[in-house]
Amino acid sequence: MIRFDILSVFPEMFASPCGSSLLKKALDKGLIDIRLHDIREQALDKHRMTDDAPYGGGGGMVMKVEPIERTLRSISVPDEETPIILLTPQGERFCQKMAEELAGHRQLVMICGHYEGVDERVRTKLVNREISIGDYVLTGGELSAMVVVDAVSRLVPGVLGNSESAGEDTFSMGLLEYPHYTRPAEYNGWKVPEVLLSGNHREINDWRRRESLLRTRKRRPDLLRDFPLTEKEKSWLADEAEP
Ligand SMILES: C[S@@+](CC[C@H](N)C(=O)[O-])C[C@H]1O[C@@H](n2cnc3c(N)ncnc32)[C@H](O)[C@@H]1O
C-alpha cells in the first residue's frame with residue numbers, strides 16, 4: 001500500500017485518470033491511496049490568491065509560498081525520508097528506475113506548479129526532491145504527478161493482475177520488451193511468427209530475448225552499451241546485420 005498526497009490548485013483534474021482502469025481498481029482494493037489537497041483552501045486572504053506577480057517584473061504569475069507551506073503542514077508524513085516532490089521541468093528526469101525506487105516508500109507528497117512555476121522558496125525550503133517527466137514544458141504539474149502515480153502504482157504488489165507482470169516490461173530489464181501478438185494467427189495475410197504458435201517454450205523464450213535485443217540495438221543503442229550479454233546473445237546480434 002502506498003499513499004500519494006498531491007497538492008494542486010486544480011484537484012479536479014485527477015478525477016478521470018483515477019476513476020478508471022487499473023488505478024481505480026487499485027484504489028477500490030485499498031492498494032493505493034490518493035489524497036488530493038486543494039492549495040486554494042490554505043490561501044487565507046479575501047480572494048484566496050495562490051499566485052502573484054513576480055518580483056523584478058516580467059510576465060506570468062508565480063505560485064505563492066504560504067498556501068503551499070500551510071498545505072504541506074496539514075499533511076502528516078511517517079518520517080524525514082518521505083519524498084516531498086516538486087514537479088518541475090528543471091528536476092531530475094523521471095525513469096523506470098526512479099519509479100521503482102519511489103515505489104519502495106510508504107508515502108509520496110507531490111506539489112503541482114502552474115503559470116511560471118512556484119516561488120523559489122518552495123524549492124529551497126520545503127521539498128527534498130525535484131522531478132521532471134521529460135524535456136518539455138507542460139502548463140501544470142498535474143499531468144506530471146499522474147505520470148508518477150501511474151508508473152509507481154503499477155509496481156505496487158497486487159495492482160497488476162496475476163497474468164500481468166511489470167518484471168519484463170521495457171526498461172525493467174534494461175532492454176526494450178519483445179513484440180506481442182494475440183489471436184487471430186493470421187489477419188489480412190499478416191502472420192504471427194511461427195515460433196509463438198509452436199508451444200516450445202525454450203524456443204519462444206529465445207525468440208523473445210533475441211527480438212528484445214535486436215529491437216533495443218535498433219531503437220535505443222544507448223541501453224545496450226553497458227548491458228551484460230551472454231555469448232549466445234552476442235552471436236545473435238553478430239548474426240543479424242546492424243540496420
Ligand atoms: C509552465 S510550467 C513552468 C515552467 C518554468 N517557468 C520553467 O521554465 O522552468 C508550470 C508547471 O508545470 C509543471 N511542469 C511543466 N513541465 C513539467 C515537466 N516536464 N515535468 C514536471 N513538471 C512540469 C511544473 O509543476 C511547473 O511548475
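The legends below describe a predicted model, in which local features need pLDDT of at least 70 and side-chain atom pairs count only at pLDDT 80 or more, whereas totals for chains, interfaces and linings use all residues. Residues are numbered from 1 along each chain as its sequence is written.

Figure 1. The protein has 10 helices and nine strands, taken as DSSP runs numbered from the N terminus (helices H or I of at least four residues, strands E of at least two). The C-alpha atoms fill a box of roughly 70 × 40 × 40 Å along the principal axes. The radius of gyration of the protein is 23 Å, whereas a compact globule of 243 residues would have one near 18 Å; this radius is taken over C-alpha atoms, and the globule rule is 2.2 Å times the number of residues to the power 0.38. Of the 243 residues, 26% count as buried, a class that requires 20 or more other C-beta atoms within 10 Å of the residue's own, while exposed residues have 12 or fewer and partly exposed ones fall in between, with C-beta atoms placed from the backbone. Among contacts with a separation of 6 or more, 75% join residues 24 or more positions apart, a contact being a pair of residues whose C-beta atoms, placed from the backbone, lie within 7 Å.

**Figure 2. Thr88 in strand S5.** Thr88 is buried because 22 other C-beta atoms lie within 10 Å. Not counting residues up to four places away in sequence, Thr88 touches Gly113, Gly117, Glu130 and Ser132. The C-alpha atoms of Thr88 and Ile131 are 5.9 Å apart in space, although the two residues are 43 apart in sequence.

**Figure 3. Helix H6 (residues 142–153).** The 12 residues of helix H6 should span 16 Å at 1.5 Å a residue, which agrees with the 16 Å between its end C-alpha atoms; the expected span is 1.5 Å times one less than the number of residues. The buried residues of H6 are Glu142, Ser144, Ala145, Met146, Val148, Val149, Val152 and Ser153.

**Figure 4. The loop between H6 and strand S8 (186–187), with Pro184 and Gly158.** The peptide bond from Arg183 to Pro184 is cis, with omega near 5°. Gly158, in this loop, counts as partly exposed because it has 13 C-beta neighbours inside 10 Å. Leaving aside neighbours within four places in sequence, Gly158 is in contact with Lys29 and Leu31, and its C-alpha atom is 9.3 Å from that of Met1, a residue 157 positions away in sequence.

**Figure 5. Two residues other than glycine with positive phi, Arg48 and Tyr115.** Arg48, in the loop between S2 and strand S3 (51–52), has phi near 50° and is partly exposed, with 14 other C-beta atoms within 10 Å. Tyr115, in the loop between strand S6 (107–112) and helix H5 (120–126), has a phi of about 55° and counts as partly exposed because it has 17 C-beta neighbours inside 10 Å.

**Figure 6. Asp38 in strand S2 (residues 32–38).** Asp38 is partly exposed, with 18 other C-beta atoms within 10 Å, and it touches Ser8 and Pro11 when residues up to four places away in sequence are not counted. The C-alpha atoms of Asp38 and Lys191 are separated by 52 Å, the two residues being 153 apart along the chain.

Definitions and conventions. Contact = placed C-beta atoms within 7 Å.
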